[in-house]
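Subject: Structure for you to look through

Dear colleague,

Here is the structure I promised to hand over, and below it are my notes on what was found. Please keep the model open while you read.

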Amino acid sequence: MEIKDYAAGDEVEILKLFQLAFGKKMPLDYWKWRFLDNPENKVMIKLMWDNTVLAGHYAVSPVKLNVNGKLVLSALSMTTMTHPDYAGRGIFTELAEKLYDSEAIKNDLKVVWGFPNNNSHYAFVKNLKWNNLEQIPTFSININKVKETQPSLVKVCKAFKKEHIEAQYKTLKNYAVKVEKTIDYLTWRYLKNPTNSYVVFELLENDVLYYAVTKVFPSFEIKDTFEIDIVELVFPADLNSIQQLLQAIKNNYKEYKLLKINCWLPYNDDKHLLFEKIGFVNIAPITYSGIRILDNNYKSLQDATEWYYSMGDSDIY
């Protein structure tokens, strides 16, 4: 068997392997968006071939991190797949190590991070020397516990603006590590996403233009109901402002039978206690987060308290 980098046209076999491994299809336009059209314009995919059979696949998606004001190239760990006929041969581990080594040299990749699921977490930690960051609960509120607030000053907007980025820097300044979310990044991640539809909200308060991004999806709990994920939350630590956002979300999705509103929010975020006051509680699913350091100068990134994260940092949401 032979390990190769992705070459144009390999996506045909990659998508076949995805369906074989997971029992569902990945749309070609989504694959191109995520792996070919990312803002860093880099493709980081390793493939294991047995002649013409694609036996294994591992891909990461390049992401700039802001580490104490310095931009660092990192990668979000993505799709791991092994052909069922080749299971148990250590293909995933070999592909990952080859990818990490080559990208550290080729693109000066410093760290790989992500959110391993229950099926892959053991392999990442045991075989790939990943370090756990933390377990992230889903922070959630039942829609019937959201108090009515009228009128809401939060508006829907159609594009990201430089004022949103300024609000982001202001709001997240106390976090040493966060994804560098430029206008181009946010536009690619949400407005150009070929499979999911997102809504961008904004609030002008004290000359700062805050924003949040949401997504609606069918609930797995009760048939014919829906839930809202707040995938980005750049809002002030102000109870009234948060309540106005929740009201705006309810107003925008009023044609849906809503069950819950969910988000991820670090415990040390100033808004966490305010969300608790409103009625948010920690529930399942609980998500692992972890990191593999490729450059020992960045070992400090193993401190989970330094990180700011949101649902939108994961490819799942």
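A term to settle before anything else is burial: a residue is called buried when its relative accessible area is under 20%, exposed when it is over 50%, and partly exposed in between, using a 1.4 Å probe and the protein chains only. Please remember that this is a predicted model, in which local features need pLDDT of at least 70 and side-chain atom pairs count only at pLDDT 80 or more, while totals for chains, interfaces and linings use all residues. Residues are numbered from 1 along each chain as its sequence is written, and side-chain values use heavy atoms, with hydrogens and water left out.

The protein has 8 helices and 13 strands, where helices (H or I, at least four residues) and strands (E, at least two) are DSSP runs numbered from the N terminus. Its radius of gyration, taken over C-alpha atoms, is 20 Å, which agrees with the value near 20 Å for a compact globule of 317 residues, the rule being 2.2 Å times the number of residues to the power 0.38. The C-alpha atoms fill a box of roughly 65 × 45 × 30 Å along the principal axes, and buried residues make up 55% of the 317. If contact means heavy atoms within 4.5 Å, then, of the contacts with a separation of 6 or more, 73% are between residues 24 or more positions apart.

Helix α7 (residues 239–252) has 14 residues and reaches 20 Å from its first C-alpha to its last, close to the 20 Å expected, a span calculated as 1.5 Å times one less than the number of residues. Its buried residues, among them Ile242, Leu245, Leu246 and Ile249, pack against β9, β10, β11, β12 (258–263) and α8 (272–278).

Is Asn206 buried or exposed? Asn206 is exposed, with a relative accessible area of 69%. Asp224, in the loop between β10 and β11 (226–234), also has a positive phi, near 70°, and is exposed at 59%.

Lastly, please look at the cis peptide bond that joins Ala284 and Pro285, with omega about 5°; Pro285 lies in strand β13 (residues 281–293).
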